[in-house]
Amino acid sequence: MSLRAKQKEARTLTGLPGESTIQRATPFLKWAGGKSQLITTYDGFFPKRFNRYFEPFTGGGAIFFHLKNQRGEFKASLSDLNDELINCYRVIKNDVEELISHLKTHPNDEDYFYELRAVDAKTLSEIERAARLIYLNKTCFNGLYRVNSKGQFNVPFGFYKNPRTCNETNLRACSAALADVELNCRPFDHVLKFAKKGDLVYFDPPYHPLSSTANFTSYTRNCFSADDQEHLADVFAKLDKRGCHVMLSNSDCAFIRDLYKDFSIETVNAIRAINCKSEGRGKITEVLVLNR
Ligand SMILES: C[S@@+](CC[C@H](N)C(=O)[O-])C[C@H]1O[C@@H](n2cnc3c(N)ncnc32)[C@H](O)[C@@H]1O
């Protein structure tokens, strides 16, 4: 069956009845390093008041969606170096109904998955690219985004019985949460051009590896090096001097603790879910750095 014929067949199967009301928004993608499980731990550390919110390593945006559900109206700027991801946020913000219609055309089928995975995203429309990313994320093994050195998505099919490729209610809730949000594909240090006194900046960078084999840094073609971590610490210190509220998550290791020794460092318990080695999974401590 052709790609188009499979899409047509799937359109008739994926509609979920009774999904129309606006609800709390949660991340629409599973993202390596996602912060959903740490939200209750972090809750006590967010400032009571802030002006605008900046998240320069947005990923799945778990902290943004949580703050939006909790605090309601505030101006926000979300950015990330991954252009497929930022395109997806833009489409959810501006064209959520077209996206939903398009997502319903994708069947949960192994051959279809590999055909769509092989398509060059640059040949697709913005809506098709966003639908492709969400579909691949929901149906691939372990639900994550990983690319090879050529920038091609390279995770295999997940064989899930009933993956929720099109959660209409949540996509609409995310669209509403993103209504006034600025979305940009740019490197993290551009936040220095925009953040002002009283703004909250939350950094969730690719974590510094605990060992040479333990790193997961392939969200984009560019890896995040020790030099990048040092540059980030410098950006953190500049924002602190400016009077911003600054928060940063990272791995719990001597290198990171030393970079932020002039700030408050909280140790938090986390569960590491995505790691190529099984010993990398399970309970682990991370740090939350604050400038309060
Ligand atoms: C740990 S993930 C963020 C997880 C996210 N906060 C969540 O809750 O799901 C790190 C993100 O940083 C992005 N990234 C990597 N290098 C970057 C850079 N130099 N500037 C901006 N973003 C970058 C990656 O594309 C990835 O989405």
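User: Which residues is histidine 208 in contact with, leaving aside its neighbours within four places in sequence?

Analyst: This is a predicted model, in which local features need pLDDT of at least 70 and side-chain atom pairs count only at pLDDT 80 or more, while totals for chains, interfaces and linings use all residues. Residues are numbered from 1 along each chain as its sequence is written. Histidine 208 lies in the loop between β4 (200-203) and α10 (226-242), where helices (H or I, at least four residues) and strands (E, at least two) are DSSP runs numbered from the N terminus. Taking contact as C-beta atoms, placed from the backbone, within 7 Å, histidine 208 meets Gln229, Asn250, Ser251, Cys253, Phe255 and Ile256.

User: Does histidine 208 count as buried or exposed?

Analyst: The class is set by the number of other C-beta atoms, placed from the backbone, within 10 Å of the residue's own: 20 or more is buried, 12 or fewer exposed, and in between partly exposed. Histidine 208 has 21 C-beta neighbours inside 10 Å, so it counts as buried.

User: How many residues apart in sequence are aspartate 80 and proline 187?

Analyst: Aspartate 80 is found in strand β2 (residues 76-80) and is buried, because it has 24 C-beta neighbours inside 10 Å. Beyond its neighbours within four places in sequence, it is in contact with Phe57, Thr58, Gly59, Leu85, Ile86 and Cys185. From C-alpha to C-alpha, aspartate 80 and proline 187 are 6.7 Å apart in space, and their separation in sequence is 107 residues.

User: What is the phi of asparagine 142?

Analyst: Asparagine 142 is found in the loop between α7 and α8 and is exposed, because it has 12 C-beta neighbours inside 10 Å. The residue is not a glycine, yet its phi is positive, near 70 degrees.

User: Where does phenylalanine 159 lie?

Analyst: Phenylalanine 159 also has a positive phi without being a glycine, at about 55 degrees. With 11 C-beta neighbours inside 10 Å, it counts as exposed. Its location is the loop between α7 and α8.

User: How is α4 oriented relative to α7?

Analyst: Axes are lines fitted to C-alpha atoms, for helices over the stretch in contact, and angles run from 0 to 180 degrees between N-to-C directions. The axes of α4 and α7 come within 9 Å and cross at roughly 110 degrees. Angles under 35 degrees count as roughly parallel, over 145 as roughly antiparallel, 65 to 115 as roughly perpendicular and the rest as oblique, which makes α4, relative to α7, roughly perpendicular.

User: What is the handedness of the crossing of α4 and α7?

Analyst: In this contact, Glu84, Asn87, Cys88, Val91 and Ile92 of α4 meet Glu126, Ile127, Arg129, Ala130, Leu133 and Ile134 of α7. A crossing is left-handed if the near helix is turned anticlockwise from the far one by less than a right angle, and right-handed if clockwise. On that convention, the crossing of α4 and α7 is left-handed.

User: How many nonpolar residues does the contact of α5 with α7 have?

Analyst: α5 and α7 have axes 9 Å apart and pack at an angle of about 55 degrees. From α5 come Glu98, Leu99, His102 and Leu103, and from α7 Ile127, Glu128, Ala130, Ala131, Ile134 and Tyr135. Ala, Val, Leu, Ile, Met, Phe, Trp, Tyr, Cys and Pro count as nonpolar, Asp, Glu, Lys and Arg as charged, and the others, Gly among them, as polar. By class, the contact has 2 charged residues, 1 polar and, as nonpolar, 7.

User: Which residues of α7 make the contact with α6?

Analyst: Helix α6 (residues 110-118) and helix α7 (residues 126-139) have axes that come within 11 Å and cross at roughly 135 degrees. That angle makes α6 oblique to α7, and the crossing is left-handed. α6 contributes Phe113, Leu116 and Arg117, and α7 contributes Arg132, Tyr135, Leu136 and Thr139.

User: Which helices are included in what covers the buried residues of α8?

Analyst: Helix α8 spans residues 168-177, and its buried residues are Leu171, Arg172, Ala173, Cys174, Ser175 and Ala177. Their cover includes α3 (62-71), α4 (83-94) and α5 (96-103).

Notes. Two residues are in contact if their C-beta atoms, placed from the backbone, lie within 7 Å.
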